[in-house]
Amino acid sequence: MTDDLLEEAAARFEEACEHTDLSEDTRERLRRPISSLKVSIPVRMDDGAMETFAGYRVRYNDTRGPAKGGIRFHPRVTAAEVTTLAFWMTFKTAVMDLPFGGGKGGVAVDPKRLSVAELERLSRGYIAAIADVIGPDIDVPAPDVATNELVMGWMVHEYGKIHRGHQPAVVTGKPIALGGIPGRSSATSDGAFQVVREVRGRVLPDANDPSVAIQGFGNAGAQLASRLAEDGWRVVAVSDSSAAVHDPGGLDVVKLREHKTDTGSLADAPVGEPLEPEALLTLEVDALVPAALEAAIHEGNAGDVRATVVFEVANGPVTAAADRILDERGVEIVPDILVNAGGVTVSWFEWIANRQGERWTEATVRARLEDRMVTETRAIVELADARGLRLRTAAYVHAVERLATAIDATGTTTLFGDGTS
Ligand code: NAD
């Protein structure tokens, strides 16, 4: 991600502000992160050599509660990418009315190149480097791309060692044995599925046998593929970073997931026909689900997208330029800050359970997640209809108004607003 995406994210925020009566002071408070940390993480590699990795943690805004956001391990992680992701988290937690702000972290590393032992040393080193700026009441990390509950387990353990005591609520997405919550690993796809179900009648009123293509067959994409297939959708194409497969009649998702688990990739899949990964994005389908990385749909390919609706499971998969092109062509976009908010919502449940010393059942998690997703989806659709807005703008307005109420309630805007106090 480049600085462009940060600018684009800011432009979307300014656009949403035009539909609110947000004061200039509050806008200013939301224009930049409150804290950005860059760290160097020296790691002893298995061959005895020392390698140093760059890590980041950004707390974008914490007016509504401790910052919340995942940790990404990816070679292209930069300060600008982490800041943009932290910005989006600020709006996502507000969209869902969670008592959190927005944060994000990352390490510039290709985790596939590391042994498990090296990955553990890197994860522990990262937490040691950022330990002063995180905490259950300050900033609460979670998994993101290429990090999972194993990594969160190392991280919560390391934080406990540094602070000489158990602090399970410092990180969410942990293994159940270390204070994790049932249903967290499927929360993003479960939440996305609830949103799809809630808006389906609106965005695909005539599709009796709806088809879907999914880019990204990882934690979020593969599990959503299963949920949709079980609900009668034809999953006609899926892709990962190495391959794509296609079958207009519908792929056997169970077999594909087994193949991915066994071999680590979709290459040589036992079902469907191979497809150029880029071609997946322009298939004639009812729904397109980008569930990989940012900017998958951009100015160069948005004109060829033939889906009726795009469900943004990834964060920021449609650039602002592509957004305008899709909008002009009548392609509806259901935005990331709503569609993929199930993960952070169940993280909230985990944080509550940890702080209260409770254990929640999976049934409780599922019921409360469905309630949050359905309530906020309906609110955004109503707002879009009432004010004549696109769903993305409506989601931002919904979030911005909640953020503004909180910022105003702190009193500093009023106190210093006219520059004379
Ligand atoms: P993951 O690492 O489990 O999966 C990512 C998948 O994308 C992998 O299958 C990878 O091979 C594939 N991929 C990468 N580049 C690709 C390309 N160019 N074409 C096709 N596939 C490609 O990550 P995840 O946790 O599933 O996250 C996916 C997206 O969803 C990210 O944008 C992430 O920020 C977002 N998200 C995830 C969660 C969560 O709880 N997992 C929550 C909110 C948002």
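Among contacts between residues at least 6 apart in sequence, 68% join residues at least 24 apart in this protein. Welcome to the structure, which is a predicted model. Its chain folds into 14 helices and 12 strands, and 57% of its 421 residues are buried. Here is a short tour, from the overall shape to a few charged pairs.

**Overall shape and surface**

- A compact globule of 421 residues would have a radius of gyration near 22 Å, and the protein agrees with that at 21 Å.
- Taken along the principal axes, the C-alpha atoms fill a box of roughly 60 × 60 × 40 Å.
- The exposed surface comes to about 17,000 Å², with carbon and sulfur atoms supplying 49% of it.

**Charges**

- You will find 44 positive and 63 negative side chains here, and the centres of these two sets lie 5 Å apart.
- The count of salt bridges comes to 40.
- Some of the charged residues are linked in a network of salt bridges: Arg 12, Glu 15, Glu 312, Asp 323, Asp 336, Arg 390 and Arg 392.

**A closer look at Arg 27**

- Arg 27 sits in helix H2, which spans residues 24–29.
- Arg 27 counts as buried because its relative accessibility is 13%, under the 20% cut-off.
- Beyond its neighbours within four places in sequence, Arg 27 is in contact with Phe 13, Glu 14, Cys 17, Glu 18 and Leu 22.
- One of these contacts, Glu 14, forms a salt bridge with Arg 27, and their closest N and O atoms are 3.7 Å apart.
- That pair links distant parts of the chain, as Arg 27 is in helix H2 while Glu 14 is in helix H1 (residues 3–17), 13 residues apart.
- Glu 14 is partly exposed, with a relative accessible area of 23%.

**Two other salt bridges to visit**

- Glu 198 and Arg 378 form a salt bridge in which the closest N and O atoms are 2.7 Å apart.
- Glu 284 lies in the loop between strands S9 and S10 and Arg 306 in the loop between S10 and S11, so the pair ties together parts 22 residues apart in sequence.
- Glu 284 is exposed, with a relative accessible area of 63%, whereas Arg 306 is partly exposed at 47%.

Methods:
Residues numbered from 1 in each chain as written. Predicted model: local features only at pLDDT ≥ 70, side-chain atom pairs only at ≥ 80, totals over all residues. Heavy atoms only, no water. Helix = DSSP H or I, 4+ residues; strand = E, 2+ residues; numbered from the N terminus. Buried < 20%, exposed > 50% of the residue type's maximum accessible area, 1.4 Å probe, protein only. Contact = heavy atoms within 4.5 Å. Rg over C-alpha atoms; globule rule 2.2 N^0.38 Å. Areas by Shrake-Rupley, 256 points an atom, 1.4 Å probe, with all protein chains shown as cover. Lys, Arg positive; Asp, Glu negative; His and termini not counted. Charge placed at Lys NZ, Arg CZ, Asp CG, Glu CD. Salt bridge = Lys/Arg side-chain N within 4 Å of Asp/Glu carboxyl O.
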